[in-house]
Amino acid sequence: MKKKVIIIVSLLLLHSTPSMALRTHIFFMGYPKAAISSGIIEDKEHNEVDKDKFAELNAKAYALTNPPVEKATQGELRNYLVRKFGFLHFAEYLGDT
């Protein structure tokens, strides 16, 4: 029972804000240093261009100021989409668009 409570509280804390959800996502992608050290800014360009689509998804685009570099392709993992479900936020990689 105590273990379940700890897991639920951790989930709520790690997904309570867009930046925490994004940092959690990056951490579990295998880039803990980038999750801790990179700055997060709102991606105004993507939010403006896709504003109708993002409004429908209840989402916003964010970019990392110091993104991790993918090991296989050497590409920067800069752009992410953070969706809001109720009071929880969940991040996913938006791609190199």
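Visitor: With which residue does Glu76 form a salt bridge, and how far apart are the closest N and O atoms?

Guide: A salt bridge is counted when a side-chain nitrogen of Lys or Arg lies within 4 Å of a carboxyl oxygen of Asp or Glu. Here Glu76 is paired with Arg78, and the closest N and O atoms are 2.5 Å apart. The model is a predicted one, in which local features need pLDDT of at least 70 and side-chain atom pairs count only at pLDDT 80 or more, while totals for chains, interfaces and linings use all residues. Residues are numbered from 1 along each chain as its sequence is written, and side-chain values use heavy atoms, with hydrogens and water left out.

Visitor: How are the helices and strands assigned, and how many of each does the protein chain hold?

Guide: They are DSSP runs numbered from the N terminus: helices are H or I with at least four residues, and strands are E with at least two. The protein chain comes to five helices and four strands. Read from the N terminus, the order is α-α-α-β-α-α-β-β-β.

Visitor: Where does Asp43 lie, and what is the nearest side chain of opposite charge?

Guide: For charge, Lys and Arg count as positive and Asp and Glu as negative, with His and the chain ends not counted. Asp43 lies in the loop that links strand 1 (40-42) to helix 4 (44-49). Asp43 is buried but has no salt bridge, and its nearest side chain of opposite charge, Arg78, is 8.2 Å away. A contact requires heavy atoms within 4.5 Å. With neighbours within four places in sequence set aside, Asp43 is in contact with Ala61, Tyr62, Ala63 and Asn79.

Visitor: Is His46 buried or exposed?

Guide: His46, which lies in helix 4, is buried, with a relative accessible area of 9%. The C-alpha atoms of His46 and Ala63 are 9.7 Å apart, and these residues are separated by 17 residues along the chain.

Visitor: How many aromatic pairs are there, and what is the geometry of Phe27 and Phe28?

Guide: Rings of Phe, Tyr and Trp (its six-membered ring) pair if their centres lie within 6.5 Å; planes under 30 degrees apart are stacked, over 60 edge-to-face, and the rest tilted. The structure holds three such pairs. One of them, Phe27 with Phe28, is edge-to-face, with 5.4 Å from centre to centre and 90° between the planes. Phe27 is partly exposed at 41% relative accessibility, whereas Phe28 is exposed at 65%. In the pair of Phe85 and Phe90, the centres are 5.9 Å apart and the planes stand at 55°, so the pair is tilted. Phe85 is partly exposed at 46%, and Phe90 is partly exposed at 30%.

Visitor: Which residues make a nonpolar surface patch?

Guide: Patches are made of residues with over 30% relative accessible area and no salt bridge; like charges are joined within 9 Å and nonpolar side chains (Val, Leu, Ile, Met, Phe, Trp, Tyr) within 5 Å. Areas come from the Shrake-Rupley method with a 1.4 Å probe, and for residues only the protein chains shown count as cover. Met1, Val5, Val9 and Leu13 make a nonpolar patch of about 430 Å². Leu13 lies in helix 1 (residues 2-14) and is exposed, at 55% relative accessible area.

Visitor: What values describe the protein chain as a whole?

Guide: The C-alpha trace spans about 45 × 35 × 20 Å along its principal axes. Of the 97 residues, 30% count as buried. The chain exposes about 6600 Å², of which carbon and sulfur atoms supply 62%. Among contacts with a separation of 6 or more, 42% are between residues 24 or more positions apart.

Note on methods. Buried means under 20% relative accessible area, exposed over 50%, partly exposed in between (1.4 Å probe, protein chains only).
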